[in-house]
Amino acid sequence: MSVTTLPTGLAAGTWAIDPSHTEASFTVRHAGISKVRGTVAVTAGAITVAEDLTLSAVTATLDPSTINTNDAGRDGHLKSADFFDIEKFGEWTFASTGVVADGEDYVVTGDLTIHGVTQSVELAVEFGGSATDPFGNQRAGFSATTTISRKEFGITWNAALEAGGVLVSDKVVISLEVSAIKQA
């Protein structure tokens, strides 16, 4: 059963994503045996919450030059033309195309652009609640996840392993922790 009313604690209006309290992270399987994790900065964004939740919208901008996997060599390789080619594609964006709610389960569908390629993705979203911070700002928190294929975004670099398989998995799990401030 689809729900169109707002969750308790989430007010209609525009909420600015707070980059200093928001993080985008990714996980990808490496050599078929372990996982590598990294982060990329969310530099701007807005959540427009409508009284009818299905009419809400989300936008976000990410800066791939901030990729951090705690290994400078790997970070440099990810920023190169082999992967994200940040000299040519210096910005990633997300723009929602739909919001669906079923009880406390929310799905935000939207267009994700990475490496100059736009693909539709579905984010499974959890509303974490809202609170007033010590500075009087009304904040709302959200967690979201999606899984994408690198190849669908034109990111195909890889290396064959001696025992079979490849160095970098095609599947990438993206997780977001978002803090947003209600605008007047």
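Among contacts (heavy atoms within 4.5 Å) in the chain between residues at least 6 apart in sequence, 57% join residues at least 24 apart. Please keep in mind that this is a predicted model, in which local features need pLDDT of at least 70, side-chain atom pairs count only at pLDDT 80 or more, and totals for chains, interfaces and linings use all residues. Residues are numbered from 1 along each chain as its sequence is written, and side-chain values use heavy atoms, leaving out hydrogens and water.

Let's start with the overall layout. The chain has 1 helix and 9 strands, in the order β-β-β-β-α-β-β-β-β-β from the N terminus. These elements are DSSP runs numbered from the N terminus: helices are H or I with at least four residues, strands are E with at least two. The C-alpha atoms fill a box of roughly 55 × 40 × 30 Å along the principal axes.

A UniProt annotation from an unreviewed entry, "domain: Lipid/polyisoprenoid-binding YceI-like", covers residues 14-181; such annotations may be inferred rather than shown by experiment. Over residues 14-181 the chain is 5% helix and 61% strand, with the end C-alpha atoms 8 Å apart.

Now to the inside. Not counting residues up to four places away in sequence, Ile 47 touches partners including Trp 15, Val 58, Phe 142 and Val 178.

The structure also holds 3 aromatic pairs. Rings of Phe, Tyr and Trp (its six-membered ring) pair if their centres lie within 6.5 Å; planes under 30 degrees apart count as stacked, over 60 as edge-to-face and the rest as tilted. Here are two of the pairs:

| Pair | Centre distance | Plane angle | Class |
|---|---|---|---|
| Phe 83 and Trp 157 | 5.3 Å | 50° | tilted |
| Phe 127 and Phe 142 | 5.5 Å | 45° | tilted |

Phe 83 and Trp 157 lie in loops, 74 residues apart. Phe 83 is buried at 5% relative accessible area, whereas Trp 157 is partly exposed at 26%. Phe 127 in strand β7 and Phe 142 in strand β8 are 15 residues apart. Phe 127 is buried at 15% relative accessibility, and Phe 142 is buried at 14%.

Technical notes:
Buried means under 20% relative accessible area, exposed over 50%, partly exposed in between (1.4 Å probe, protein chains only).
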